[in-house]
Amino acid sequence: MFISNAYAQASPLGADGNLMSFLPIILMFVVLYFLMIRPQMKRQKEQKSMMDALAKNDEVVTAGGILGKVTKVADAYVTLEISSGTEIVVQKSAVTMLLPKGSIKAI
């Protein structure tokens, strides 16, 4: 009599309110993919194709900054001639850059 009936209130967000609350998070992951993940995958693919294409007489730079000419290529290792008569063996993954022919003589 003195107390009125209490009814459940309708949601102010509507039926798709939950999706709208996750939209900023979804948008953040999309931006993260295009700005960070995709370019990194592209770089890794280019690095792998460069390592697979290494051949004798290519001039390369290693991760430690050593310049050398490839004298022998194995499955996981590369033999580099860093000066006449001096050869070192490095892992293929240590090769970071392929130089144009004649770059070492120009230095």
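The paragraphs below lead through the sheet, the nonpolar core and the salt bridges of this predicted model.

Residues are numbered from 1 along each chain as its sequence is written, and side-chain values rest on heavy atoms, with hydrogens and water left out. Because the model is predicted, local features need pLDDT of at least 70 and side-chain atom pairs count only at pLDDT 80 or more, whereas totals for chains, interfaces and linings use all residues.

Five strands form an open sheet in the order β4-β3-β2-β1-β5, with antiparallel pairing; strands here are DSSP runs of E of at least two residues, helices are runs of H or I of at least four, and both are numbered from the N terminus, while two strands count as paired if DSSP finds at least two bridges between them. The edges are β4 (86-91) and β5 (95-99), each of which pairs on one side only. On average, neighbouring strands of this sheet are turned by 45 degrees against each other, direction ignored, the axes being lines fitted to C-alpha atoms, for helices over the stretch in contact, with angles that run from 0 to 180 degrees between N-to-C directions. The antiparallel strands β3 and β4 are joined by six bridges, and S83 has T86 in β4 as its bridge partner.

In soluble globular proteins, nonpolar side chains tend to be buried together. The largest nonpolar core here consists of nine residues, M50, M51, L54, V60, V70, V78, L80, V90 and V95, where a core is a set of buried Ala, Val, Leu, Ile, Met, Phe, Trp, Tyr and Cys residues joined through side-chain atoms within 4.5 Å. Buried means under 20% relative accessible area, exposed over 50%, and partly exposed in between, with a 1.4 Å probe and protein chains only. Two or more residues of this core come from each of α1 (17-52) and β3 (77-83). Beyond its neighbours within four places in sequence, V60 is in contact (heavy atoms within 4.5 Å) with residues including L54, V70, L80 and V95.

Two salt bridges are found in the whole structure, each defined as a side-chain nitrogen of Lys or Arg within 4 Å of a carboxyl oxygen of Asp or Glu. In one of them, D52 pairs with K48, with the closest N and O atoms 3.3 Å apart; both residues lie in helix α1, four residues apart, about one turn of the helix, and both are exposed. D58 forms a salt bridge with K101, the closest N and O atoms being 3.1 Å apart. Because D58 lies in the loop between α1 and β1 (59-62) and K101 in the loop between β5 and α2 (103-106), this pair ties together parts that are 43 residues apart in sequence. D58 is buried, with a relative accessible area of 11%, whereas K101 is exposed, at 59%.
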